[in-house]
Amino acid sequence: MLVYNATKQQFIDDVRANVITDAIENEVARRLNRNSPRSEVTSWENSLRFMMSVLLDEGIPASAGVAIEYNIPLTNRRVDFILTGKNHQRDDAAVIVELKQWQSVEVTTKDAIVRTQLGGGVRETNHPSYQAWSYGALIEDYNETVRSESIRLVPCAYLHNMKQGDAINDPFYEHHTSRAPVFISQDAMKLSAFLSQHIKYGDSNDIMYRIEHGVIKPSKNLADALASMMQGTTEFLMIDEQKLVYETALDLAHRAGSGNKQCLIVKGGPGTGKSVVAINLLVELTGREMMTQYVSRNSAPREVFKKKLTGTRKKTHIDNLFKGSGSYVNAVPDTFHALIVDEAHRLNEKSGMYQNLGESQIKEVMAASRFSISSSMRRSG
């Protein structure tokens with residue numbers, strides 16, 4: 001779903017006429033049946049004026065397409081700004097621009113994670129370059145039309161309020177900034193040049209319409225990806241909070257290795273990607289030679305994963321990766337580096353066929369491992 005779609009010139013005219021935020025707000029209300037909070041409206045007002053200034057560059061064709069607030073199918077993720085047209089080779093292209101109001105950031109020791117002022121406090125969040133890149137990868141993964149028609153997706157980020165770029169461009173994040181460059185306040189001209197480099201000619205092929213109405217293929221099946229992930233050849237994409245939880249869990253797992261027991265509880269509703277994080281962690285921690293198991297009360301997901309791994313590993317190795325929640329009633333304390341518990345809210349109070357063994361399955365998991373991470377459904381009320 002797309003909230004706003006126009007040519008570059010129409011977009012500039014709408015911003016200069018002070019009608020752009022009203023147009024977007026009205027479409028959000030009509031299409032999403034919700035009112036936009038004042039903070040969201042303010043961010044549109046600020047960011048889109050900066051983008052208008054960037055697009056005044058005559059090297060960017062007036063007939064290039066502008067799309068705002070594009071909702072990636074099958075997700076609740078929205079792309080802030082997309083510029084469409086043709087590149088120098090006259091290939092269809094779409095530049096994804098992640099817009100941020102941030103004024104400063106701090107470097108962390110976690111891959112693709114920075115600290116910045118959010119929601120009234122300093123919090124950890126995705127580096128905008130990783131966010132822009134992951135959104136592009138997600139669109140390509142879900143959209144058969146983008147792949148089959150070779151629409152080039154080019155990600156970048158624009159932090160128009162940021163005056164100092166040392167932290168956001170710290171060498172620690174080079175892997176991500178090389179894939180999706182980040183521009184700060186004084187880089188406006190550089191951003192214009194970047195956009196004109198990738199959008200040389202106008203959008204004569206309704207690129208955004210084709211993306212929006214493209215053939216949607218569901219995200220790759222996690223079980224199908226597991227075997228190749230174990231071989232180190234496939235990464236199952238993580239976005240936004242998934243990436244933050246993943247990097248936090250890796251950090252805690254290593255802290256726990258020094259003798260400080262750690263526990264992480266992850267809450268989220270259906271479709272928020274808790275299983276994606278869990279399987280990525282199982283693969284990564286196992287690859288780091290940490291004794292790790294995936295734990296669930298329900299045998300169905302365990303059997304699906306085991307079946308997909310059949311033929312790639314010895315049966316004993318596969319069986320040791322996936323366990324039922326009642327497996328730890330007699331476990332020696334701290335036997336495992338990490339136990340990853342799926343749907344912890346479904347665990348039984350006690351173990352055994354008659355649920356008469358032990359004290360609590362949750363306590364048993366925590367006692368058996370140096371680090372435990374549990375996912376559960378977010379409860380309302």
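**View 1. Three strands form an open sheet in the order 5-6-7, with antiparallel pairing.** Strands are DSSP runs of E with at least two residues, helices are runs of H or I with at least four residues, and both are numbered from the N terminus. The edge strands are strand 5 and strand 7 (121–126), each of which pairs on one side only. Two strands are said to pair if DSSP finds at least two bridges between them; strand 5 and strand 6 pair in the antiparallel sense over 2 bridges. Glu106 has Arg115 in strand 6 as its bridge partner. Helix 10 (residues 241–257) packs on the sheet and touches strand 6 and strand 7. The direction of helix 10 makes about 100° with that of strand 7, where angles run from 0 to 180 degrees between N-to-C directions and axes are lines fitted to C-alpha atoms, for helices over the stretch in contact.

The model is predicted: local features need pLDDT of at least 70 and side-chain atom pairs count only at pLDDT 80 or more, whereas totals for chains, interfaces and linings use all residues. Residues are numbered from 1 along each chain as its sequence is written, and side-chain values use heavy atoms, with hydrogens and water left out.

**View 2. Thr108 lies in the loop between strand 5 (106–107) and strand 6 (113–118).** Thr108 is buried, with a relative accessible area of 7%; buried means under 20%, exposed over 50%, and partly exposed in between (1.4 Å probe, protein chains only). A polar atom of the Thr108 side chain lies 3.1 Å from the backbone nitrogen of Lys110. Apart from neighbours within four places in sequence, Thr108 is in contact (heavy atoms within 4.5 Å) with Ile113, Val114, Arg115, Glu124, Phe172 and Tyr173.

**View 3. Strand 14 (residues 369–376) is largely enclosed by the rest of the structure, because 7 of its 8 residues are buried.** Strand 14 pairs in the parallel sense with strand 10 (residues 262–267) over 6 bridges. Gln262 has Phe371 in strand 14 as its bridge partner. Strand 13 (residues 336–341) also pairs with strand 14 in the parallel sense, over 5 bridges, and Phe336 stands opposite Ser369 of strand 14.

**View 4. Helix 3 (residues 38–55) and helix 7 (residues 188–198) pack at an angle of about 65°.** The axes of helix 3 and helix 7 are 9 Å apart. Met51, Val54 and Leu55 of helix 3 meet Ala188, Leu191, Ser192 and Leu195 of helix 7.

How values were computed: A polar contact is a pair of N or O atoms within 3.5 Å; within protein, one must be able to donate a hydrogen and the other to accept it, and residues adjacent in sequence count only if both atoms are side-chain atoms.
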